[in-house]
Each structure stands twice: as C-alpha cells, then as structure tokens.
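Please open the model in your viewer and keep the selection panel at hand.

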Amino acid sequence: MANAQTKTWFITGAARGLGFEIASAAAAAGDNVVVTGRNLEKLQTAYSSHGSNVLTLELDVCNDKQINTCVKQAIEHFGRIDVLVNNAGYGQLGIFEEIARQKIESQFNTNVFGLMAVTRAVLPYMREQRAGQIFNISSIAGTAGYDGASVYCATKFAVEGFSESLALEVKQFGISDIIVEPGFFRTDFLDDSSVSYGDIQLDDYKEYSAAVNDSYQSHNHQQAGDPVKFGQAILTLANEDNPPLHFAAGSDAVENIRTAYNAHLKDLNDWAHLSTTTDIE
Ligand SMILES: NC(=O)c1ccc[n+]([C@@H]2O[C@H](COP(=O)([O-])OP(=O)(O)OC[C@H]3O[C@@H](n4cnc5c(N)ncnc54)[C@H](OP(=O)(O)O)[C@@H]3O)[C@@H](O)[C@H]2O)c1
C-alpha cells in the first residue's frame, strides 16, 4: 500500500553517491530534504540546481556537537523529520592483520557510532511525532563475509544487529526501521577518494592481499548497480505503509544474500543434532 504524503527527509553523507541520489529522488517527488555532508561548499555545489525544498547543512557524523546542531536546525526549518537516512560511510578494506587499530576505530566511528549518534539525536522528535522511518544503509557485507573486507563487514554486521533490535524498541512509537543491503553500486565507494586499504605489509599475505585489493580496484566505477535507480527504490519504500525490515538492493545483492543465508541454514540443519545436545536436562 502506498502512502505518498509530503515528507521531510534528513540524509547523511549526501554530497555524492547513494546519498545524493536518494536526496534527489525525494526532492524531485516534492518532499523536503535536509542534505548533510562533511564539506558545506561541496554540498552546496552538488545541490545548486535543486529547489528551496532542499536545505544543506554541514555534518560529519563523527562530530556529536554538529549532529545535535544540525538536527535542531532541520527541525527549526521544516518542523519535523519523517525519514532519517543513515547513509554516510566508507569501506575500510584490506586484510585484517594489515589494518592498524586506529583505522579500525575510524571505520567503526563513522559506519557504526556515527549512525547511532545521528539516530539518537533524531529519535526524540520521531517519538514525539509518534511516527518516523529510519533507513540504515548496511550492505551485502552486513550479511556475509567477503575477502579483504573483515573490518568493513564487522561494521555492517553491527549496523544489522543494531537496526534489527532498534526496530523492536521503537515500533511502539510508530517508528519503523529499514535495513538496506546494497550490492555493488557505481559510486565513489571504491575510488581513492573514499575507500581505504590496510597499510601494514605482511609477507605471508603478500600475494593474497595484492590480489584482493587489485580486484576491488578493478571494479572502481565499473559496478553494475545504478545509483539513480537505487534512489528511486528508497523513495518507493518510504511511501510504503508496510515496508520490509530488510531490503536487498541490486540483483547481485539478491543472489549473494540468498547464497549466504542458504549456507547459514545448511550449517544450522547439518549440525542441529549436536546443537540440541547442550541444554540442561
Ligand atoms: N556503492 C556501493 O557499492 C555500496 C554497497 C553497499 C553499501 N554501500 C554503503 O552506501 C553508503 C554510501 O556509499 P556510496 O556508495 O554512496 O559511497 P561514496 O560515493 O563514497 O559516498 C560516501 C558518502 O559518505 C560520506 N561520508 C563518509 N564519512 C563521513 C562522515 N564521517 N561524516 C559524514 N559523511 C561521511 C562521504 O562524504 P565526503 O564526500 O565528504 O567524503 C560521501 O558523501 C555507505 O554507507 C556505504 O557503506 C555502498
């Protein structure tokens, strides 16, 4: 069932990529959109041809003070936030042992703690409204492990666990939570301007590490997913009365997630005879 009243969106990491396309789809549909990004000038340039229903605000999701200021400004400007899109994120790729602790912490600060902090700032307004929708942009990497993606996968699995549990907590206030699991989309995600690789070199991993990193680099700007169509799909979901808890974006995502869950189910079934022996009699 569709529900297409005018909404106010708040989108993180909206200067480019998937965030930009979600914002553009919502703005073109006549909704109000608060677009946020780390660099205000870049953001203003990106949205220079959009209308007055778009408000640009500087926001690094790792900056708590900025988060609270931005959310307040959004409320002052449009009066409410109906749809929060936690999109800001990047890929810390590379072999686990080749990634320094500080880089792992930065990855969690953006992809997990930043997402939680923005959610914490917006939820009081949604609770007051007794309505709201939260899109948390996870990944196929939030459903299965991938070569050279242990740290990135760890953050996206965290997003999945957080979002599934949050959905249970906020449902009573009319707030829904949608976990979006994109496959490979043609954005700057694998570009040097976004992605990060490990910078410790270990002889044991030399060939494997080079092969994995080369493979990601070779997919840069060659991905099959269309960010414009992604934006349209999120708009469609935002207008649904009963959206799903999980949404796989892209035919590669459908295929990969199905394979991962079938393998998980096979482990569960194959070993259930042992699994069920551990209860206290
Ligand atoms: N593209 C894919 O294949 C794919 C697949 C699965 C999931 N995803 C997820 O989709 C989301 C968007 O990625 P994308 O593909 O659109 O990549 P992108 O083109 O590299 O855009 C990433 C956006 O996130 C912003 N960002 C990064 N760190 C931030 C921070 N601390 N505070 C605020 N903004 C920050 C970037 O801002 P700057 O412009 O300032 O750098 C940029 O606007 C990410 O969460 C990513 O993990 C992407």
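Begin with the largest cavity, whose volume is about 30 Å³, where a volume is the space filled by probe spheres set on grid points that are joined across faces, edges and corners. A cavity here is a set of points, on a 1 Å grid over the protein atoms alone, where a 1.4 Å probe fits but cannot get out, and lining residues have an atom within 4 Å of a point. By this rule the count comes to 1 cavity of 30 Å³ or more. This is a predicted model, in which local features need pLDDT of at least 70 and side-chain atom pairs count only at pLDDT 80 or more, while totals for chains, interfaces and linings use all residues. Residues are numbered from 1 along each chain as its sequence is written, and side-chain values use heavy atoms, with hydrogens and water left out.

Select T12, V61, N86, N87, A88, G114 and L115, which line the largest cavity. By class this lining has 3 nonpolar, 4 polar and no charged residues, with Ala, Val, Leu, Ile, Met, Phe, Trp, Tyr, Cys and Pro counted as nonpolar, Asp, Glu, Lys and Arg as charged, and the others, Gly among them, as polar.

**The open space**

Next, go to the largest pocket, which holds about 920 Å³ of space; a pocket is an open set of points with protein on both sides within 12 Å along at least five of seven lines. Of the 42 residues that line the largest pocket, select N87, G89, Y90, F189 and S194, which lie nearest its centre. The lining of the largest pocket divides into 21 nonpolar, 15 polar and 6 charged residues.

**The ligand**

Now display the ligand, which sits in the largest pocket, in the sense that more than half of its atoms lie within 2 Å of the pocket's grid points. Around the ligand are 27 residues, of which R16, R38, Y152, T187 and S194 come nearest; a residue counts as near if one of its heavy atoms lies within 4 Å.

Then show the backbone of N87, where an N or O atom lies 2.8 Å from an oxygen atom of the ligand.

How values were computed
A polar contact is a pair of N or O atoms within 3.5 Å; within protein, one must be able to donate a hydrogen and the other to accept it, and residues adjacent in sequence count only if both atoms are side-chain atoms.
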